[in-house]
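This report goes through a model region by region, for a reader who has the sequence and the coordinates at hand. Please look over both before reading on.

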Amino acid sequence: MREAGFVISREDWSLHPKGRLDQARHQQKVKEAIRRNLADLVAEESIILSDGKKVVKVPIRTLEEYRFRFDPGKQRHVGQGSGDERPGDVVARETGGSAPGRGPGAGDQPGIDYYEAELSVDELAEMIFEDLGLPNLQQKRKPELVSTGHEFNDVRRHGAMANLDKRRTLMEAFRRNALRGRPAFHPITPEDLRFKTWDEALEMQAAAVVLAMMDTSGSMGTFEKYIARSFYFWMVRFLRTRYRQVQIAFIAHDTRAREVSEQEFFTKGESGGTKCSSAYELALSLIQQRYPPDQYNIYAFHFSDGDNFPSDNARCVKLVQELLACCSAVGYGEIVNSRYATDSTLMSVYGKIDHPRFVRVTIREKSDVYPALRAFFRRQATDLAAAAMVGAPAGPWR
Amino acid sequence: MTDRELLELERWTERLVRRARAEGLDFYEMRFEVVPADVLYSVGAYGMPTRFSHWSFGKAFHRMKTEYDYNLSRIYELVVNSDPCYAFLLDGNTLAQNKLVVAHVLAHSDFFKNNWRFAGTSHFMMDNMAAHAERIARYEFRYGKEAVERLLDAALALAEQVDPHPVGPPSKPDDEEQEARAGAPARPSTPYDDLWELDRLLGPSPEDQSRTPATPATPRPGRRPLQGRAVGFAPPGREAGRRAEGQRDSLPRPAGARRHPVRPEKDLLRFIMQHSEYLEAWQRDVLAMVREEALYFWPQIETKIMNEGWATYWHAVLMRDEELGEAEALEFARMHAGVVQPHRLQLNPYLLGWKIFQSIEARWEHPGEEDRTRLGLPGGQGREKIFEVRQLETDVGFIRNYLTRSLVEELHLVTLVRRGDEWQVESTGWQQVRDALAARLANGGIPVIVVEDGDYDGKGELLLRHQYDGQELDLHHLERTLPYVFELWGRPVHLLTVVEGKQTLFSYDGESHQRTVA
């Protein structure tokens with residue numbers, strides 16, 4: 001081939017991973033960028049309303065490769081028209097962040113100033129929950145060993161024919177035949193048989209219950225309900241993914257409290273006055289009936305706009321203290337709509353409660369939801385030991 | 001491609017290479033590599049089979065690969081400017097597609113070998129880049145991936161700010177300058193001194209200067225008069241680096257020990273690499289590598305339309321003369337049509353370059369009345385002329401000299417401007433189109449930014465100036481790029497440009513941005 005001046009070759013490029021490695025690094029940087037924007041994403045409508053199924057698109061501004069360049073919007077571009085354009089004709093329109101190829105330009109793509117990362121709600125949840133945990137988790141009773149299924153994780157020479165590992169059996173037969181100089185899958189002899197065997201996957205039952213209380217009175221506007229629901233949306237997701245055995249009780253209240261289904265809790269709107277004590281009373285009675293504190297880690301969270309009947313406030317303080325006596329943590333989130341910012345009532349009276357397991361959060365805008373989650377599910381160093389003891393983060397017990 | 005197809009491609013290529021040579025194409029020895037898609041896209045993203053690691057290449061790789069996977073666009077080939085010339089063919093192409101690609105690629109190789117702008121590029125860049133990759137990987141091991149990535153982020157942000165056409169001597173390293181200031185031996189004069197002197201006289205346009213009488217661009221009293229002379233620049237690292245390591249805390253320097261570029265210096269990356277007191281030797285080395293690679297790619301940026309046009313011209317010519325079966329002829333026609341398909345409101349460089357080469361050949365072969373009288377063309381020189389053009393022009397000259405009225409009209413080229421959210425046709429006049437396109441292609445379409453003062457305000461700060469030619473900078477990008485300059489310079493940095501007709505100074509001090517309208 002030398003004299004012809006060319007060579008054609010096809011080599012093995014399977015060990016050429018650079019593109020993938022740098023791609024992984026890029027992906028990692030995208031995630032870091034998302035992580036920095038979590039506060040905004042947590043209360044993102046498209047995610048909360050997505051039913052947890054959708055892949056969401058997250059605009060990331062940080063992964064642009066910045067350099068000195070001309071402002072494409074102020075440049076004179078040259079493009080190819082169809083022949084009937086006249087000066088002054090409008091030939092394209094920018095819509096939001098324009099997509100490649102929509103705006104004109106000599107070979108470049110003006111107008112794109114962000115990179116859209118796609119990620120699933122699960123991935124997002126994973127990042128949000130990264131260092132969250134149930135606070136003050138304690139061992140409440142003897143850990144119960146619960147079998148959660150079987151895991152095939154070994155291969156043996158004997159076993160039930162139903163568990164025959166066909167691939168390995170064939171490989172054994174092939175190897176044995178090959179050793180005798182006749183590489184073939186036949187014949188198969190009994191000593192070639194290989195069987196899969198299993199272990200029972202055991203898991204500790206974490207005994208915990210979350211009492212999710214929400215004010216659904218008339219004063220809770222769309223914004224307030226939205227905030228409360230997005231908090232609970234992530235809370236429920238968080239508890240379900242991290243703790244397999246956590247129970248959640250949903251309590252909605254106006255002047256009266258009632259236990260509702262999850263579906264109702266997240267969708268129904270109500271109206272009427274507000275008596276927060278009703279919710280606490282119901283919570284306490286549920287604890288009494290169903291969740292004895294010596295067996296359960298109990299968490300009580302309440303969201304309200306703080307607009308309570310003033311005469312009810314003293315009773316609320318008393319009940320919160322009762323809850324604190326039997327709960328691992330009690331949280332109160334007050335959603336303040338800046339439009340009608342008044343001197344809040346409930347938050348101010350709760351300000352006097354000084355208890356290490358009582359957490360108060362004020363939410364003024366969507367981006368406060370994430371800090372609220374972090375405040376309520378702040379895992380303390382001492383909890384880690386307890387959590388390990390109870391086997392709280394779900395996973396097979398070995 | 002099956003092995004049988006590969007053999008046929010080989011036989012066919014042999015014939016094609018002979019024919020292409022007979023037509024006058026003069027290319028490097030060719031190495032065709034048939035590769036799977038992700039290798040092709042990795043070469044595309046990195047610009048080279050082996051190059052240092054950086055997430056931005058991963059991002060490009062990901063985008064190309066995704067577009068390929070979703071069948072949105074595909075690259076058929078990639079050619080590396082090297083000797084021998086490496087061309088990567090997609091394994092997934094049909095035999096017929098790869099035949100056309102081989103013809104296309106031979107012309108690219110001819111272009112690399114003969115266009116004057118490529119004369120200075122290293123033919124061993126593949127090996128150089130592989131060596132760079134290894135050296136940078138070693139720095140990662142030694143100084144940490146994070147530190148190297150941070151440095152590369154900054155270096156790559158400035159990679160376009162180099163000077164591919166240096167005319168005078170580079171700004172001198174520190175010692176020599178100080179030596180000169182201390183009254184060191186007189187320099188030998190050269191026959192070119194008067195030319196260097198022109199740079200100073202013509203340098204920053206008088207218009208700009210008159211508009212900004214108080215800006216730092218005007219020479220301050222006490223500045224050493226310019227003296228031109230050819231000085232080889234010392235390689236980075238070594239003494240400069242060693243000195244810097246010990247000198248971190250010695251800023252600001254005593255008065256009188258000022259250091260400037262002797263005239264505005266376009267090669268920002270080199271200036272920083274040589275004169276930043278903040279960088280360590282290994283960091284200078286990385287900047288030098290990034291700069292070397294950027295300079296290697298620069299001619300490709302400047303000749304995109306010509307290079308693609310040339311390759312398209314030749315695959316069309318070579319294929320036209322082949323005897324093809326019906327199915328194969330149809331596939332070639334379809335593929336060629338795809339390559340030269342007009343993009344709505346954008347320019348397709350393959351189409352534009354191809355059309356211009358065709359038009360040049362036609363005019364010089366059969367000149368019209370006007371060309372005959374005005375240019376004195378005798379006719380019959382078509383082929384000769386296009387070979388000359390491919391050798392002597394870059395895109396700017398290609399457009400300026402050969403984009404004719406009839407081509408602008410035939411291709412329906414227009415100029416477009418943005419008003420509010422709308423893109424409007426500004427002009428359909430052929431000269432306006434030609435001039436606008438040439439203006440856009442100037443300096444590879446990249447703003448010219450020069451180092452005005454390396455000791456701005458006597459505080460060791462860096463003053464850059466955008467050589468404003470009517471096109472304003474992207475301020476969003478500007479404010480995010482300045483921190484990278486700061487990252488490398490280690491002291492506050494400033495950039496002077498024009499925003500909405502007003503001289504504006506952008507400053508970044510490591511923490512916050514400031515904008516001052518002069």
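Is Asn443(B) buried or exposed? With a relative accessibility of 16%, Asn443(B) counts as buried, where buried means under 20% relative accessible area, exposed means over 50% and partly exposed lies in between, with a 1.4 Å probe and protein chains only.

## Basis of the model

This is a predicted model, in which local features need pLDDT of at least 70 and side-chain atom pairs count only at pLDDT 80 or more, while totals for chains, interfaces and linings use all residues. Residues are numbered from 1 along each chain as its sequence is written, chains are lettered from A and ligands numbered from 1 in the order in which they are written, and side-chain values use heavy atoms, with hydrogens and water left out.

## Backbone features in loops

Asn443(B) is found in the loop between H20 and strand E6 (449–456) of chain B, helices (H or I, at least four residues) and strands (E, at least two) being DSSP runs numbered from the N terminus. The phi angle of Asn443(B) is near 50 degrees, which is a positive value in a residue other than glycine. His412(B), in the loop between helix H19 (405–410) and E4 of chain B, likewise has a positive phi, near 55 degrees, but His412(B) is partly exposed, with a relative accessible area of 31%.

Cis peptide bonds occur in both chains: one runs from His186(A) to Pro187(A), with omega near -5 degrees, and another from Asp83(B) to Pro84(B), with omega near 0 degrees. Pro187(A) has its place in the loop between helix H5 (166–179) and strand E7 (195–204) of chain A, whereas Pro84(B) is in the loop between E2 and E3 of chain B.

Strand E2 (residues 77–80) and strand E3 (residues 85–90) of chain B run antiparallel and are joined by 4 bridges, where two strands pair if DSSP finds at least two bridges between them. The hairpin that connects E2(B) to E3(B) passes through 4 residues, and Glu77(B) has Leu89(B) as its bridge partner in E3(B).

In a regular strand the side chains alternate between the two faces of the sheet.

Which strands make up the open sheet, and in what order? Its 4 strands follow the order E3(A)-E4(B)-E5(B)-E4(A), with antiparallel pairing. Strand E3 (77–80) and strand E4 (90–93) of chain A stand at the edges with a single partner strand each, so one side of each is left without a neighbour in the sheet. The twist from one strand to the next averages 40 degrees.

Within this sheet, E4 (residues 413–419) and E5 (residues 422–427) of chain B are joined by 5 bridges, and Leu416(B) stands opposite Val425(B) in E5(B). Helix H20 (residues 430–441) of chain B packs on the sheet, touching E3 of chain A together with E4 and E5 of chain B, contact meaning heavy atoms within 4.5 Å. The direction of H20(B) makes about 65 degrees with that of E4(B), where axes are lines fitted to C-alpha atoms, for helices over the stretch in contact, and angles run from 0 to 180 degrees between N-to-C directions.

## Nonpolar cores

A nonpolar core is a set of buried Ala, Val, Leu, Ile, Met, Phe, Trp, Tyr and Cys residues joined through side-chain atoms within 4.5 Å. In the largest one, which has 69 residues, Phe32(B) and Leu352(B) touch the most other members. Helix H4 (residues 95–114) of chain B gives the largest share of this core, 11 residues. Another core, of 68 residues, lies apart from it and includes Val43(B), Ala155(B), Val290(B) and Phe297(B).

Leaving out residues up to four places away in sequence, Leu352(B) touches Ile305(B), Leu347(B), Ile399(B), Leu403(B), Leu411(B), Leu413(B) and Leu437(B).

## Surroundings of Arg515(B)

Arg515(B), in strand E10 (residues 513–517) of chain B, counts as partly exposed at 46% relative accessibility. Arg515(B) and Thr504(B) are 11 residues apart in sequence and 6.8 Å apart in space, C-alpha to C-alpha. Beyond residues up to four places away in sequence, the contacts of Arg515(B) are Leu475(B), Glu479(B), Thr504(B), Leu505(B) and Phe506(B).
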